Amino acid sequence: MAHHHHGHSHDSYPELNFSPGAKWIKSLTRDRTGTFTGGHFSDVNLSSILFHRRLDGDENITLLVWSAPGLSKPSFDEAMKQDFKPAKKGDSFGPSCDCKTNHWFKIAVNVPSDWKDYERVQFEFDPGCEAMIYTTDGTPLQGITGGYGGDRRVEYIIPADARAKGTHDFVAEVSCNGMFGVPWNGDIIMPPDMNRTFKLDSADLVAPNQDAWGLLWDFTALRELVGTLPGNSALQNKALYVANEIMNVFSKNDPSTIIAARKLAEDIFGENWEKKGANIYEEGAKVAQIWGIGHCHIDTAWLWPYRVTQQKVARSWSTQVDLMERYPEHRFAASSAQQYKWLEQLYPKLFERVKEQVLAGKFHPIGGSWVENDANMPSGEALARQFIYGQRFFESRFGKRCDTAWLPDSFGLTGALPQLIRLSGMDYFFTQKLSCNVFPHSTFNWVGIDGTQVLCHMTPVDTYTAQATVGDVNKGVTNHKNLESSSTSLLVFGNGDGGGGPLAKMLENLRRIRGAANESRELPLVHMGRSADDFFEEIKAQSDQGKRLPNWHGELYLEFHRGTYTSHGSIKRGNRKSEILLRDVEHVATLASVYKQDEYLYPKEKIDDSWEKVLLNQFHDVLPGSAIGMVYDDAEQLYSEVREDGNELLEEAFRVLFPSSLPLISANVDKLTRASTLVGYNTTFFPRRDVVKVPLSGPAKALGGSVLQTSADGCDGYALLDGAQGRSLVTTGELVAADLQVSAQSHGEGHFVLKNSQVQLTLENGRITSLLDVKLGRELIPTGHTGGLLIFEDRPNYWDAWDVEIHHLEKAEKLKFEGVKIVASGPLRASIEAQVKYGKSTILVTASSFHSSLKPNSRPLFTFDATVDWHERHEFLKFELPLNIHSDVATYETPFGHVQRPTHKNTTWDAAKFEVCGHKFADLSEFGYGVAILSESKYGFSCQGNVLRISLLRAATAPDAEQDQGKHEFSWAVLPHEGHFLQSDVPIAAYLFNSPVHVRFMPEGGLPLVAPRGFVALSGADNVILETVKRGDLDSDSENRRTVVLRLYEAFGGHATVKLHIDAELRVVEAYTTNLMEDDVDAVAQELVHTEGQSTIKLAFRGFEVKTVKLVLAKEG
């Protein structure tokens, strides 16, 4: 019988098999990989051979140190002039924030001649805290992060020429703070440990085993693949198999096994992948799903003060410049013009190195703002200035503005932002904080309250401090919320919050991840070497200019950190008062520079300096009240400087406009005469009447003829400043209308009534029992309910200064006013004074009634002026009014507009808005009627059902142990109004409540002759507000280039056509609407209609639209 052979060899597959087989127990193999580096077997595993040699003796290393006194932060040049003393490894330095904070080391190393064959020689410097390496001529080279966390970077590579020479000198500046400050018990939100010291754990000359380090990074990437990918995937199993084989091959005593082990890793990363370097990103598929961009989120202040941030910026950015020189694919995005300015001022040599990389396209300025600001509480104009000042800085230093706005960590984002972003020249927006919510989109069109859209990406990686792991890269796809419309994600990687940025190990890992993805389709492709702007351009192209993307309309509300609307009340007050002061300064200085240009120059440099201080304090951990106490010492000082400089600038301008006038302050009382007259200046453009308090003691008795009401002791009087015509200049008036008269009455013990012809408020047994619209006969407080102050127990689950939890509403105590007495009976001002004592605190409140807005059917305000000596802990003080009004929504002022939020809990999204941010008002309205609470320095509000509340004071103890302790002064007001909010004068009344008239007197009587009664006015639309009057940013009086810039916005959410009337004396020859940057390019010319005494422009607005109008003035001469 013939045998047929079919091509099979008997030798290819053995006939017999007596082995146990190659089946593994996968879980044990996976666990085994955890023993290959560090841990219990570190003396025999890979960790044991990471260094060839290590020296720390005096013959190789010389250390000298000088410790700067106290909290001082001397420059490099100042430090080098001091007397240095010998130091050694193991020395301790500190304390952190009390005695000696900054320490300078002069370091000299001698490299042994037999080390020349090592691939690399490093100096390992670990002070346990942050440090920076300098050249001996003062050029910062890189940062150091001591300790043993994931952000550790303690190696400084000795330059090749120094190795050849055998000696190398350099300098290190050590700062006694960790990456996240110095919390006293290790919990990062705790107040700082003022007595913490740090130990110089390492000051060694080392020769790293580069092959061993390469294997360490290989093995790390393999373990990440195993830990990230599904267990039934081929790549996951193959990575585990290779990792296990590496452990089998490795022997610490045989260097050749390292090379063999690394060769095994090429089965995953690709053959000869390492030799390709940055070119690894040129292989594989052309379209990558993940775009990597290095970033270093540096909180401008948080668990450290501003002065420490200045050092963090230099350390972090110098490190990135160093990495760019070693990794050609590395691109780094850094925001905040303020941080660049600090670098330019304090580290000019490093700034030039950064600038070189910016111009080379590797270091990317981003964000276009002065700082990464809070995006809830700054006014609309302040948000505009964040972008204006930021964009102008970047353009002036680097020749280019930013295209992408960047606020990854702000605690919620106002719906006004899209319009302001586009008006400042940016089309794109990156944020991340809302990953804390359950948010439905990753890439979307964010449509603001006015309808303006910006292309927005919220990275699916859910962090702006990704560690560039396989898990991070994979999450960019698996966590993407709308892959159907956009499949690309941004990987923002690098250590952050406290700085640091990307590390070499991250860039190494990304190369390996790309190599693995080139070999397998089971891993997303990661792309490097491009910018965030490029990323958005790609998204825009993929989505047909955003048409295929989902939309999100309105604010991006963060469902956390609601306590930040109230924490650190003095900072909130400083912000609001500074914004308004600078608005007034610009207004008055503009008039002085235009009407009296021969004797007054617009003080732009001083105004800019003040604005930069205010913008700095709007950083997203400063204004929210979530920083340590030292930060607020600095912030209060900045506000004090703004207040002092602003008042001085105001006075200089007023003296030009009102040459013989003086401010009505105690220092000027002795200059009063019987001929003196009161005048006021109204920096708003609304008709108004104001009751002003006038001293009547001593020489001030001369003003007695101007007052319409005198206090019981005769020391003070009340005058009426009548600006009913809406003019800038207001004068004293008569109380002629009966409906302007107010009264305070007592109807028995504990029963008091503030009353006028239209509304009355009743205080009975320490609570507000009635708010009655007399004119309509409508009671606004439901039967059986009362209003007033109340205290809530405020114990957040963790984030103390940040959070107020919904359960705080479950435990409240109503407070009663005591010792109530009438302090002013009318007819111009009626007031009652009351006191509340709670715990260790005393609250003194004066409630008054007067008429503010002059809109028909408006009602008088009830104001509450509080002086509080606050000494509680974890208590929350609020004021509430239960109202006989039903609406599913309440209305709150937001920058350049308003926002409506639910009053119910239909969904978890609705319930989450139990505490919200508002600016100058919160309003609850139904058809025909509404009530608003006005605020002059508070931002926290709530409306639960029919109960409207304003938040007044909190008392957290972390990260500032003394938050809000001590004295506070603030005011709020209650404004009933006939008609729905949209028919009301609430925005106007709130505006006037925040903008007191500037009261002055003419010592010899008469009225000012120079100042115009009104240089600009609006007509035809009550819903348009003129917010800002200033000189053009690019003006130059010396070059005869003169413009006046106005900023207007529509406040109610509807269309409007308004006429802008301009005093003919301004001599306006051209008018344009422009972007926020006041650019001539794309400016739209407006028709000027000249009539006797004025010029007029007609402007059309859509709802909540912001317009910038540039008026070009005639040239002089």
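Let's start with the lining of the second largest pocket: β1, β6 (122-126), α4 (210-228) and α13 (504-519) each supply at least two of its residues. Helices here are DSSP runs of H or I with at least four residues, strands are runs of E with at least two, and both are numbered from the N terminus. A pocket is an open set of points on a 1 Å grid over the protein atoms alone, with protein on both sides within 12 Å along at least five of seven lines; a lining residue has an atom within 4 Å of a point. The largest share, eight residues, comes from α4. In total 38 residues line this pocket, and E155, W213, W217, A504 and K505 lie nearest its centre. The space is about 1100 Å³. That volume is what probe spheres set on the grid points fill, with points joined across faces, edges and corners.

A word on the model. It is predicted, so local features need pLDDT of at least 70 and side-chain atom pairs pLDDT 80 or more, while totals for chains, interfaces and linings use all residues. Residues are numbered from 1 along each chain as its sequence is written, and side-chain values use heavy atoms, with hydrogens and water left out.

Now the cavities. A cavity is a set of grid points where a 1.4 Å probe fits but cannot get out. There are 11 of 30 Å³ or more. α10 (380-398), α15 (569-595), β41 (889-894) and β51 (1024-1031) each give at least two.

Next, sheets. Two strands pair if DSSP finds at least two bridges between them. One open, antiparallel sheet of four strands has the order β1-β12-β6-β9. Its edges are β1 (51-55) and β9 (155-157), each pairing on one side only. Neighbouring strands are turned by 30° on average, direction ignored. Axes are lines fitted to C-alpha atoms, for helices over the stretch in contact, and angles run from 0 to 180 degrees between N-to-C directions. Four bridges join β1 to β12 (residues 202-208). F51 stands opposite P208 in β12.

A second open sheet of four antiparallel strands runs β50-β53-β57-β56. β50 (1016-1019) and β56 (1089-1091) each have a single partner strand, so one side of each is left without a neighbour in the sheet. Here the twist averages 25° from one strand to the next. Eight bridges join β53 (residues 1056-1063) to β57 (residues 1094-1101). I1062 has S1095 as its bridge partner in β57.

Last, the rings. Rings of Phe, Tyr and Trp (six-membered ring) pair if their centres lie within 6.5 Å; planes under 30 degrees apart are stacked, over 60 edge-to-face, the rest tilted. That gives 50 aromatic pairs. W302 and W304 are edge-to-face, at 6.0 Å and 70°. Buried or exposed? Both W302 and W304 are buried, meaning under 20% relative accessible area; exposed is over 50%, partly exposed in between (1.4 Å probe, protein chains only). Y798 and W799 are also edge-to-face, at 4.9 Å and 85°. Y798 is partly exposed at 37%, and W799 is partly exposed at 30%.

The charged end of K312 sits over the ring of W304, 4.3 Å from its centre. The rule needs NZ of Lys or CZ of Arg within 6 Å of the ring centre and within 35 degrees of the ring normal.
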